[in-house]
Amino acid sequence: MKKNKIIIPLIAASALAATSCSDWDDHFDAAGLQSTAEVSVYNGDIVSYMRNTGEVSNMSALYERNGIYSQITPGQEYSFIVCDNSVYDATQIANDSIYARYSVSNMNLAPSLLTDGFGIHTLSGKSIWVHQTNNQVTLDDYNIRKVAKTDNGYIYYISNILPVRQSVYEYIQSLDDQNYSYFKRLVSTYEERWFDREHSQVIGNDPVNGNTLYDSIFVTRNTLMDRYTADGQATWNMRDEKYNSTLFVPTNQQIEKAVNDACDSIPVWLNREPTAADTAKFQQWIVKACFVDRKLDAEAVSPNAHDFDCVGGYCQIIDKQNDKTYYTSEDVAHWKPSLQLANTSSVTHLSNGNAYRLDNLKIPNHVTIYRVKSRFYELWNAMNANQKRDYFTWSHWTSPLIIND
């Protein structure tokens with residue numbers, strides 16, 4: 001096949017679109033890739049390019065021996081993310097088969113699609129995320145050196161071997177039990193296997209009981225952390241790699257101290273001993289606070305950063321007895337970086353976000369004070385007008401009234 005190289009600085013893509021009436025208009029525009037990489041046009045399909053281009057022979061051999069080429073379907077379009085032989089290093093690839101599928105997408109990814117925050121879904125089921133800083137676009141954290149356009153897709157050359165990163169959920173499962181078993185147990189407390197009727201196939205009827213028989217699909221769901229809109233559209237969960245996330249990881253000792261400190265305040269504020277319900281409420285707040293439904297860099301979680309909300313939205317409630325599903329708004333955990341200290345030097349880059357170990361974890365006072373408020377309501381409702389006047393009075397009032405955690 002003949003290869004025609006057209007050197008096109010991608011930073012000038014908008015100029016190309018403005019002066020051309022060809023199908024290039026569909027691929028490059030002002031919102032597209034800002035890079036100094038070059039684009040070449042190859043008169044042939046993507047497999048032919050890989051097999052006949054010597055500088056990617058190592059990657060081509062990787063695809064060949066792992067059956068990628070045999071999976072290419074006529075009429076389907078693809079994108080390959082490769083590195084040339086000068087930077088290819090087999091010692092950086094832990095698993096050939098996984099890496100081969102991780103660097104191929106069955107999406108025709110024109111440069112104009114590579115905008116900040118875009119996720120490239122790959123054959124491995126994992127996503128490679130596009131980042132843009134100072135007009136430079138990277139795949140994961142690696143620069144794009146050049147791009148080849150073929151008849152059925154694109155080939156992106158990057159500056160290094162892509163690391164096959166764990167997802168947020170995989171990372172949680174991989175945490176060692178000696179230091180993180182408490183956190184793993186809290187997350188799994190809210191998990192359940194659920195029969196997914198919508199995606200299960202009807203295969204007949206039970207002649208004895210008259211029940212419908214399914215080729216059943218069971219999925220894992222988290223009753224506390226899976227998030228939806230009010231009308232039931234999924235918006236986030238920790239298991240799906242299409243959602244970007246930030247994870248905070250507390251140790252066993254940090255959770256124990258946070259819960260114990262919060263429980264110790266109960267006798268002081270409520271004049272009673274803490275109960276199992278108090279402990280459950282504190283543990284639930286920890287789980288909700290450790291997940292953010294977007295990727296945050298180290299600067300955004302540093303002690304001087306602004307406060308932010310964690311995962312918000314609606315929880316799905318499945319009423320099995322009445323065969324109904326509805327959605328309830330969930331209180332959002334509020335993260336104060338100056339109080340909850342993330343170790344920004346310990347960031348772990350994941351396939352769909354970042355994870356930070358913690359140097360300090362504290363359950364905010366308002367999580368405990370909510371029980372004080374309910375107690376005041378009980379007292380108020382039990383009092384007559386004179387008692388309300390005598391006992392519900394303000395002293396040492398300052399304006400504005402500021403309550404710190």
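Predicted model: local features only at pLDDT ≥ 70, side-chain atom pairs only at ≥ 80, totals over all residues.

Me: Why is K126 called buried, and why is E170 called partly exposed?

Reply: Buried means under 20% relative accessible area, and exposed means over 50%. K126 has a relative accessible area of 10%, and is therefore buried. E170 has 34% relative accessibility, and so counts as partly exposed.

Me: How do you know that K336 and D307 tie together parts that are apart in sequence?

Reply: The closest N and O atoms of K336 and D307 are 3.2 Å apart, and the two residues form a salt bridge. K336 lies in the loop between β21 and β22 and D307 in the loop between α9 and β18, so this pair ties together parts that are 29 residues apart in sequence. By contrast, K257 and D261 both lie in helix α7, four residues apart, about one turn of the helix. Their closest N and O atoms are 2.8 Å apart.

Me: Why is K257 called exposed, and what is D261 called?

Reply: K257 has 51% relative accessibility and therefore counts as exposed, the cut-off being over 50%. D261, with a relative accessible area of 40%, is partly exposed.

Me: What makes the phi of D140 worth a remark?

Reply: Most residues other than glycine have a negative phi. The phi of D140 is near 60°, a positive value in a residue other than glycine. D140 lies in the loop between β7 and β8, and is buried, with a relative accessible area of 8%. D323 likewise has a positive phi, of about 55°, although it is not a glycine. D323 counts as exposed, at 57% relative accessibility.

Me: Which residues line the largest cavity?

Reply: D140 is one of the lining residues, which also include Y102, W129 and R165. The volume of this cavity is about 90 Å³. The largest share of its lining, four residues, comes from β6. By class, the lining has four nonpolar, four polar and four charged residues.

Notes: Residues numbered from 1 in each chain as written. Heavy atoms only, no water. 1 Å grid on protein atoms, 1.4 Å probe; cavity = no way out; pocket = protein on both sides within 12 Å on 5 of 7 lines; lining within 4 Å. Points joined across faces, edges and corners; volume = space filled by probe spheres on them. Helix = DSSP H or I, 4+ residues; strand = E, 2+ residues; numbered from the N terminus. Nonpolar A, V, L, I, M, F, W, Y, C, P; charged D, E, K, R; others polar. Buried < 20%, exposed > 50% of the residue type's maximum accessible area, 1.4 Å probe, protein only. Salt bridge = Lys/Arg side-chain N within 4 Å of Asp/Glu carboxyl O.
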